[in-house]
Amino acid sequence: MKTSNKACQECINPDCKARFDCSQALFKCPRCGELLDIRYNWDKIQVPNRLDEFARRWANRNNRLDLSGVWRFRELIDFCDDKDRVTIGEGQTILQQNDALAKQIGLKPGCLHLEYEGLNPSGSFKDNGMAAAFSHAKMIGVKSSICASTGNTSASVALYAHSCSIKCTVFIGSGRIAFGKLSQAMDYGAQTIQIKGDFDDCMHQVQQVCKKLGMYLLNSLNPFRLEGQKTIMYRIIEQLGWQVPDWIIVPGGNLGNSSAFGKAFDELKLLGLIDKIPRLAIINATGADTLTDLVNNKGLTWNAGRTDNSIIDSYYADLTKRNFSPHTCASAIEISRPVNLKKCLRSIDICNGIVRAVSDEEICDAKALVGKYGLGCEPASAATIAGLRHLLTEGIIKPTEKIACVLTGHPLKDPDVTVNYHKDQQGQFSNAPIEVDNDLEKIISLIQP
Ligand code: F0G
């Protein structure tokens, strides 16, 4: 069967809905400029009747596609042939039930689950998306790839590009990237260009460069990337014994994840594979809270795809007028013009979603809690726990509800924030090291066994 029969690219604008073959590299609708989706012809795909049928692939983990936490679910992201599917072992993540952290923040035992996406090969959730996008790149014979990044995208792109022998350039904002991530981009051999500006500047430039040089874009404007990120939701459901939680909580930056998650649930419901869609909470940092402001204060909604563009345009015009640049210690989500805004609004609509913003102090305290009671995460990921604490206080989330927080990045991505928090006693969970003379008596006097 030709792949083009199974899937196509489709404009999200209901007044356009233009369709394009998957053999093209398009990052916006050539007709109207809106975002593109991957649409499947489900009649042509043999999707299992029940989600738990995917579990049989666990017995076949010496098949590289069955081992991959992305391609294990390949019938739900079926836009290319097996020979083109790229994997470096992504998606071996765990969903941890964490009762100790649950107790600390006021949830009942068995209710809080942490999805550790930092366990991916490059240390963040991005690898889910790159497995899919690089498969598309391979399918259409791409030679040269590029992205703008707050760090994790660049690390992941660099890793996948070199594993596929595709050239790779990454744009990062000078001084805006955590060292763990910068070290990866350089180590994995990417041409690393530091632009004197923020992520939004890099994102603008990378789109111009793509147009001029015809390079393949790996940011989440690439609709194939979001197909890979849908699998984070499949794995959460899988690890809950094929049950859907009450809430998914995710940090919001460029809004790729939230966009992908809504699409994942919409499709699963359409296919009759789930009977309920969880609620989605998207958490911004207060220093980069465009989504929160637009949704909670300016009344922006999906509106069946006919979003009021004038609200967005005047909001961005004001940011430009004020020369606004976002600032948060959660550098991964330091973004003020999220490219997937409209798809995210659609997810909010699908998942009865809500949006909140949390301060840097709340993020750092929450991060320390994930470290103390769990496996740790980077600052942006901890926004989920900080947001959850808000939503519990507001009474929107109940202590008995089943929650999955997506911890998007590994704790070692950004050791500076962690060390400063603990060493400089910045928060209520700081755990500073103690310095002592090289003297046994003095050392013993410090220890309380
Ligand atoms: N968490 C981490 C650790 C991230 O790296 C990012 C985004 C997000 C959350 C936000 O996800 O964009 O899907 O809303 N990082 C991008 C990057 C922007 O360039 O690495 P989103």
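Me: What percentage of the 449 residues of the protein count as buried?
Reply: The model is a predicted one, and a residue is called buried in it when its relative accessible area is under 20%. Applied to the 449 residues of the protein, that cut-off gives a buried share of 60%.

Me: How many helices and how many strands are there in the protein, and which radius of gyration goes with them?
Reply: The protein has 17 helices and 13 strands. For 449 residues the globule rule gives 22 Å, and the value for the protein is close to that, so the protein is as compact as a globular protein of that length, with a radius of gyration of 21 Å.

Me: Among contacts between residues at least 6 apart in sequence, what percentage join residues at least 24 apart?
Reply: A contact here means heavy atoms within 4.5 Å. Taking the contacts in the protein between residues at least 6 apart in sequence, the share that joins residues at least 24 apart is 71%.

Me: How many residues apart in sequence are the parts that Phe-27 and Tyr-216 tie together?
Reply: The structure holds eight aromatic pairs, and one of them is formed by Phe-27 and Tyr-216, edge-to-face, with 5.6 Å from centre to centre and 80 degrees between the planes. Because Phe-27 lies in the loop between strand E2 (19–20) and strand E3 (36–40), while Tyr-216 lies in strand E9 (residues 216–217), the parts tied together by the pair are 189 residues apart.

Me: Are Phe-27 and Tyr-216 buried or exposed?
Reply: The cut-off for buried is under 20% relative accessible area, whereas exposed requires over 50%. By that rule Phe-27 and Tyr-216 are both buried.

Me: How far apart in sequence are the parts that Phe-54 and Phe-73 tie together?
Reply: Phe-54 and Phe-73 form a tilted aromatic pair, 5.1 Å centre to centre with 55 degrees between the planes. Since Phe-54 is found in the loop between E3 and helix H2 (64–67), and Phe-73 in the loop between H2 and strand E4 (94–97), the pair ties together parts whose separation in sequence is 19 residues.

Methods:
Residues are numbered from 1 along each chain as its sequence is written. This is a predicted model: local features need pLDDT of at least 70, side-chain atom pairs count only at pLDDT 80 or more; totals for chains, interfaces and linings use all residues. Side-chain values use heavy atoms; hydrogens and water are left out. Helices (H or I, at least four residues) and strands (E, at least two) are DSSP runs, numbered from the N terminus. The radius of gyration is taken over C-alpha atoms; the globule rule is 2.2 Å times the number of residues to the power 0.38. Buried means under 20% relative accessible area, exposed over 50%, partly exposed in between (1.4 Å probe, protein chains only). Rings of Phe, Tyr and Trp (its six-membered ring) pair if their centres lie within 6.5 Å; planes under 30 degrees apart count as stacked, over 60 as edge-to-face and the rest as tilted.
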